[in-house]
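The sequence and model come before the notes.

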Amino acid sequence: MRRGTERERGNGKGEGAPPFPTRLARVLRRIIGAPDYAAYVEHCRVAGHAPKLSEAEYVAEFFESKGKGVRCC
């Protein structure tokens, strides 16, 4: 008896993927180092808990953490 692949059964990784423009925007935000609140909310949903930060709090915490750490110049 032949088993179907995940894609044939509809369980493939791309089935629930966001549309291309959304994925492209996320990649560009990561490249330039901008915060991505939508990705944070999606992470919280997948993890099974409500977001602890509002968008303003998330952005403030993101930039605060960017300023801390070792810099070479």
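Apart from neighbours within four places in sequence, Tyr-37 is in contact (heavy atoms within 4.5 Å) with Pro-51, Leu-53, Ser-54, Glu-55 and Tyr-58. The model is predicted: local features need pLDDT of at least 70, side-chain atom pairs count only at pLDDT 80 or more, and totals for chains, interfaces and linings use all residues. Residues are numbered from 1 along each chain as its sequence is written, and side-chain values use heavy atoms, with hydrogens and water left out.

**Helix 3**

- Helices are DSSP runs (H or I, at least four residues), numbered from the N terminus.
- Tyr-37, Tyr-40 and Cys-44 are the buried residues of helix 3, where buried means under 20% relative accessible area, exposed over 50% and partly exposed in between (1.4 Å probe, protein chains only).
- Viewed down the axis of helix 3, these buried residues fall within an arc of 60°, taken from the directions from the helix axis to the C-beta atoms, so they line one face of the helix.
- That buried set packs against helix 4.
- His-43, Arg-45 and Val-46 are exposed on the face of helix 3 turned away from its buried side.

**Nonpolar core**

- Tyr-37, Tyr-40, Cys-44, Tyr-58 and Phe-62 make up the largest nonpolar core, a core being a set of buried Ala, Val, Leu, Ile, Met, Phe, Trp, Tyr and Cys residues joined through side-chain atoms within 4.5 Å.
- Helix 3 gives the largest share of this core, three residues.

**Aromatic pairs**

- Rings of Phe, Tyr and Trp (its six-membered ring) pair if their centres lie within 6.5 Å; planes under 30 degrees apart count as stacked, over 60 as edge-to-face and the rest as tilted.
- The count by this rule is five aromatic pairs.
- One of them, Tyr-40 with Tyr-58, is stacked, at 5.0 Å centre to centre and 20° between the planes.
- This pair links Tyr-40 in helix 3 (residues 37–47) to Tyr-58 in helix 4 (residues 55–67), 18 residues apart.

**Salt bridges**

- There are three salt bridges, each a side-chain nitrogen of Lys or Arg within 4 Å of a carboxyl oxygen of Asp or Glu.
- Asp-36 pairs with Arg-26, the closest N and O atoms being 3.8 Å apart.
- Asp-36 also pairs with Arg-29 at 3.4 Å, N to O.
- Asp-36 counts as buried at 12% relative accessibility, whereas Arg-26 is partly exposed at 25%.
- Glu-42 and Arg-45 form a salt bridge at 2.6 Å between the closest N and O atoms.

Note on methods:
Helices (H or I, at least four residues) and strands (E, at least two) are DSSP runs, numbered from the N terminus.
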